[in-house]
Amino acid sequence: FLAATVAFGHPGFLAYEGGLQNALRSYYMLQQLHSRYCLSNVASIRYVNSAGRLLTTTAAVASGAYKRSQVVTRYLDGTVTAANGSPTERMVVQAYGRKIDLPPNGYCGWTQDGAIEVWSADPKGHRSDYAATPEYLYVDGRGRFMRFPKAAGNGIGICRILPKGEYEVLLYGGADCGFAINATRATALDKAGKPMG
C-alpha cells in the first residue's frame, strides 16, 4: 500500500489496519516525502526493465516493461521517488545519481537538497524502514537491529526534532533505538509529559 502511494504520487493516508505500528510507519515514512512531492509537478516518469534500464512510458508499454510495476519519478523540485510494485522481482537500477535496489513492495525517495531521505528496503537481507527529515528521524528494524546513517534500532523509534536544539525520543513496544543527535542530558517523561527524572 505504501509503495503504491509513492508510485502514484498520492498524499498520505494514515493506515491503522494492522495496528498502531502500521499507523506509525505510514505517517513517519511518508509525511515529509509527501510534503515535497505533493507541492510539485512531475518532470519525468520512468519504468525499469529487467535489465535495469529506465524507459519512457512509450518504450515501457511497447516492450511490456510497465507490467513489472517498477517506477521511478522525478519531480520539478528535484524530489525523486522509486517504488517496486512487483510482488516477486527486485528493482535494481541506477537513477538520478543513486543506485536503487528494492525488494518487492519496497520504496524510497529523496530530495535534491538532501534534507529528506526515505528507504523501505532490505539492506543486509532484512526488511527495514528509515526516514531522515528536518522534522524527525524514524527507524524500524522490524525485529533485527539495523543501522542507518542517522538512526539504528531493532523496532520502531522516532526522534522528533524540536525547536531550541531539543529532541523528543519515542520508542514503540520496548524497541532499542539510537539516533545521531547531540544531546547533553536526557529526561524521561510520563504520559502527561511531566519529568520522571
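Where does Cys38 lie? Cys38 sits in the loop that runs between α2 (20-37) and β1 (42-48). The model is predicted.

**Around Cys38**

Is Cys38 buried, exposed or partly exposed? Its relative accessibility is 35%, so Cys38 counts as partly exposed. Leaving aside residues up to four places away in sequence, Cys38 touches Gly9, His10 and Pro11. Gly12 is 26 residues from Cys38 in sequence. In space, the C-alpha atoms of Cys38 and Gly12 are 9.6 Å apart.

**The whole chain**

The protein chain holds 3 helices and 15 strands. Its radius of gyration is 18 Å, close to the 16 Å that the globule rule gives for 197 residues, so the chain is as compact as a globular protein of that length. Further values for the chain follow.

| Property of the protein chain | Value |
|---|---|
| Buried residues | 42% of the 197 residues |
| Contacts joining residues at least 24 apart, among those between residues at least 6 apart in sequence | 37% |
| Accessible surface | about 10600 Å² |
| Part of the accessible surface belonging to carbon and sulfur atoms | 52% |

**The largest pocket**

How much space lies in the largest pocket? The volume is about 680 Å³. The lining has 18 residues. Closest to the pocket centre are Tyr167, Glu168, Val169, Thr187 and Leu189. By class, the lining divides into 9 nonpolar, 4 polar and 5 charged residues.

How values were computed. Residues are numbered from 1 along each chain as its sequence is written. This is a predicted model: local features need pLDDT of at least 70, side-chain atom pairs count only at pLDDT 80 or more; totals for chains, interfaces and linings use all residues. Side-chain values use heavy atoms; hydrogens and water are left out. On a 1 Å grid over the protein atoms alone, a cavity is a set of points where a 1.4 Å probe fits but cannot get out, and a pocket is an open set with protein on both sides within 12 Å along at least five of seven lines; lining residues have an atom within 4 Å of a point. Grid points are joined across faces, edges and corners, and a volume is the space filled by probe spheres set on the points. Ala, Val, Leu, Ile, Met, Phe, Trp, Tyr, Cys and Pro count as nonpolar, Asp, Glu, Lys and Arg as charged, and the others, Gly among them, as polar. Helices (H or I, at least four residues) and strands (E, at least two) are DSSP runs, numbered from the N terminus. The radius of gyration is taken over C-alpha atoms; the globule rule is 2.2 Å times the number of residues to the power 0.38. Buried means under 20% relative accessible area, exposed over 50%, partly exposed in between (1.4 Å probe, protein chains only). Contact means heavy atoms within 4.5 Å. Accessible areas come from the Shrake-Rupley method with a 1.4 Å probe; for residues, only the protein chains shown count as cover.
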